[in-house]
Amino acid sequence: PVDQQNAFGEATVEWQTVAEVWASVAGISVRDYFAGQQSGVIVTHRIFIRAYPGLTHQHKLIWRERELQITSILERENRTVYEILAREDP
């Protein structure tokens with residue numbers, strides 16, 4: 001996200017593309033979805049990418065024109081792969 005000002009001087013947030021990477025994206029099963037709701041964390045997708053330094057939960061992912069909000073980033077395979085848990089807001 002990049003903070004900007006519009007013509008009226010109001011603060012707005014615009015999104016800027018940081019990188020395009022290959023990913024493995026899978027939907028979460030219904031059982032996992034409901035288990036996540038009980039813990040207060042809603043997750044709809046599990047994503048695997050190569051480790052990308054600087055990636056945080058403040059970023060969002062675009063997959064097939066769908067916006068996914070990052071809820072968690074887990075390091076896997078000796079920190080060379082990220083497992084990202086994300087949610088798609090309707």
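Helices and strands here are DSSP runs, numbered from the N terminus: a helix is H or I over at least four residues, a strand is E over at least two. Two strands count as paired if DSSP finds at least two bridges between them.

What you have open is a predicted model, in which local features need pLDDT of at least 70 and side-chain atom pairs count only at pLDDT 80 or more, while totals for chains, interfaces and linings use all residues. Residues are numbered from 1 along each chain as its sequence is written, and side-chain values use heavy atoms, with hydrogens and water left out.

**Stop 1: the whole chain**

Show everything as a cartoon. Of the 90 residues, 19% count as buried. Buried means under 20% relative accessible area, exposed means over 50%, and partly exposed is in between (1.4 Å probe, protein chains only).

**Stop 2: the sheet**

In what order do the strands of the open sheet lie? The order is β3-β4-β7-β6-β5, 5 strands with antiparallel pairing. Select 24–27 and 60–63 to see β3 and β5 at the edges; each has a single partner strand, so one side of each has no neighbour in the sheet. From one strand to the next, the twist averages 35° (axes are lines fitted to C-alpha atoms, for helices over the stretch in contact, and angles run from 0 to 180 degrees between N-to-C directions).

Now colour the strand pairs. β5 and β6 run antiparallel and are joined by 4 bridges; look for Leu61, which stands opposite Leu68 in β6. β4 and β7 are also antiparallel, with 6 bridges, and Arg46 has Leu85 in β7 as its bridge partner. Between β6 and β7, another antiparallel pair, there are 8 bridges.

**Stop 3: the hairpin turn**

Follow β6 into β7. These strands form a hairpin with 4 residues between them. Select Glu77 in that loop: its phi is positive, about 45°, although it is not a glycine. Asn78 is found in the loop too, and its phi is near 60°, again positive in a residue other than glycine.

**Stop 4: the core**

Select Ile47, Ile49, Leu55, Leu68, Ile70, Tyr82, Ile84 and Ala86, and show their side chains. Together these 8 residues make up the largest nonpolar core, meaning a set of buried Ala, Val, Leu, Ile, Met, Phe, Trp, Tyr and Cys residues joined through side-chain atoms within 4.5 Å. β4 (45–50), β6 (66–76) and β7 are the elements that give two or more residues to this core, and β7 provides the largest share, 3 residues. β7 is mostly covered, with 6 of its 8 residues buried. While the side chains are showing, keep one rule in mind: in a regular strand they alternate between the two faces of the sheet.

**Stop 5: Glu83**

Stay in β7 (residues 81–88) and pick Glu83. Glu83 is buried, with a relative accessible area of 8%. Which side chains does the side chain of Glu83 meet in polar contacts? One is Arg46, at 2.8 Å, and another is Arg76, also at 2.8 Å. (A polar contact is a pair of N or O atoms within 3.5 Å; within protein, one must be able to donate a hydrogen and the other to accept it, and residues adjacent in sequence count only if both atoms are side-chain atoms.) Glu83 is also the bridge partner of Leu74.

**Stop 6: Tyr52**

Finish in the loop between β4 and β5, where you'll find Tyr52. Tyr52 is partly exposed, with a relative accessible area of 29%. Leaving aside neighbours within four places in sequence, Tyr52 is in contact (heavy atoms within 4.5 Å) with Val18, Ala19 and Tyr82.
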